[in-house]
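The sequence and the model are shown first.

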Amino acid sequence: MKFSVYRYNPETDNEPYMQAFEVEARQGMMLRDALMAIQEQDESFTFRHSCGEGVCGSDGVNVNGSNKLACITPLSELKETVEVRPFPGRPVIRDLVVDMSQFYAQYKQVDPWLIRKEPLPEQEILQSPEERDKLDGLYECIMCGCCSTACPSFWWNPDKFLGPQALLSACRFLADSRDQASEERLNSLEGPYKLFRCHTIMNCVEACPKGLNPTKAIGHIKEIMLKDAI
Amino acid sequence: MSRQASGLWAWFLQRATAIYLMLFILYVLQHMIFHAPADHAAWQAWVAQPLVSLGGLLFFASLLLHAWVGIRDVIIDYVHPTAIRVSVLTVIGFVLVGCAAWVLQIIILAQIA
């Protein structure tokens, strides 16, 4: 199977270039396996990966134009020549490895932890099954970055727009019956940038390897905001 | 209110005006299909009806507000240098307010005539 892979080493290359590789595809082979085979052919080829089963979220790459997790993308689903590039819009550190610091900084901005104002009880804070159900589709995010780096609004304003990943997390804590900082969370999202740069393009939904729906979560935040405002 | 431009308010305004625009366009379309005015005088009489002219005023107000939010969004997305952004927004603001004045002039003149 033919591959065309993005190569860039800022220490030795003036410009990024695409390099052709050929890998023998076996049945059930994932893209990550192919990238490892490419690394065997050329040890200088660099990419992030770890768990190999779509849990750690390390090996997000842009494959034939869409962001995917290499470890759960079967080669059989890909059209030849498979073009593998780093996430769009992020500074490249080397080959497929990009700098995700801005993405993490945006995540940090939404205070992604439970905030209690009442003193913490001795035991755990109980939730009804219905309250727990509200977290489904929000808590499963593995922060691979496939969604935010596929989002045009995040490309244009990555410093000001929080991006689908951070907003999904914001929604996860707004939806949590145990959290007591909804007011502050909503206030911090006001303004034209952090939340409202989302124009429901929905690239995030298409890209999410965990099948989550950040656009729906963003719509839900807007709904809560409106309810809270009037 | 924060010192920022609005987020929630602009978003709500865009959606609310969109609904009104759609309803009014549907109303005008059905009028043109089923009760098409025979001549210019009939058209004038229809437009001069208080509810129709009020609806028309609201239509243009909604259209201009809707356009303002939409264009502002495009500019916030793509035009980053502050000086250019402020200039472009100001020019567009003037054009939209000019359009509003023009609409008022037309409707008021029609009422007098």
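## Salt bridges and polar contacts between the chains

In this predicted model, 2 salt bridges are found across the interface of chain A and chain B. A salt bridge joins the side chains of Arg197(A) and Asp77(B), with an N to O distance of 2.9 Å. Polar contacts between chain A and chain B number 8 residue pairs, counted where both residues are at pLDDT 80 or more.

On the chain A side, helix H8 (residues 214-229) supplies the largest share of the residues that touch chain B, namely 4. By residue class, the side of chain A that touches chain B consists of 7 nonpolar, 3 polar and 3 charged residues.

## Extent of the chain interface

The contact between the chains involves 13 residues of chain A and 14 residues of chain B. The size of an interface is often expressed as the accessible area lost when the parts come together. For chain A and chain B this buried area is about 1,400 Å². Carbon and sulfur atoms account for 59% of the area buried between chain A and chain B.

## Domains of chain A

Chain A has two assigned parts: domain 1 covers 2-98 and domain 2 covers 101-229. Their C-alpha centres are 29 Å apart. In the contact between them, domain 1 of chain A takes part with 13 residues and domain 2 of chain A with 15 residues.

## The interface between the domains

About 940 Å² is buried between domain 1 of chain A and domain 2 of chain A, and 58% of this lies on carbon and sulfur atoms. Which residues of domain 1 of chain A lose the most area to domain 2 of chain A? They are Asn67(A), Phe87(A) and Arg90(A), which together make up 49% of what the domain 1 side buries.

How many salt bridges does the rule find across the interface of domain 1 of chain A and domain 2 of chain A? The count is 0. Polar contacts are found there, in 4 residue pairs with both residues at pLDDT 80 or more. Strand S4 (residues 66-69) of chain A gives the most to the side of domain 1 that touches domain 2, contributing 3 residues. That side of domain 1 of chain A divides into 6 nonpolar, 5 polar and 2 charged residues.

Key: Residues numbered from 1 in each chain as written. Chains lettered and ligands numbered in written order. Predicted model: local features only at pLDDT ≥ 70, side-chain atom pairs only at ≥ 80, totals over all residues. Heavy atoms only, no water. Contact = heavy atoms within 4.5 Å. Buried area = accessible area lost by both parts, 1.4 Å probe. Salt bridge = Lys/Arg side-chain N within 4 Å of Asp/Glu carboxyl O. Polar contact = N/O pair within 3.5 Å; in protein donor to acceptor, adjacent residues only side chain to side chain. Helix = DSSP H or I, 4+ residues; strand = E, 2+ residues; numbered from the N terminus. Nonpolar A, V, L, I, M, F, W, Y, C, P; charged D, E, K, R; others polar. Domains from an automatic or database assignment.
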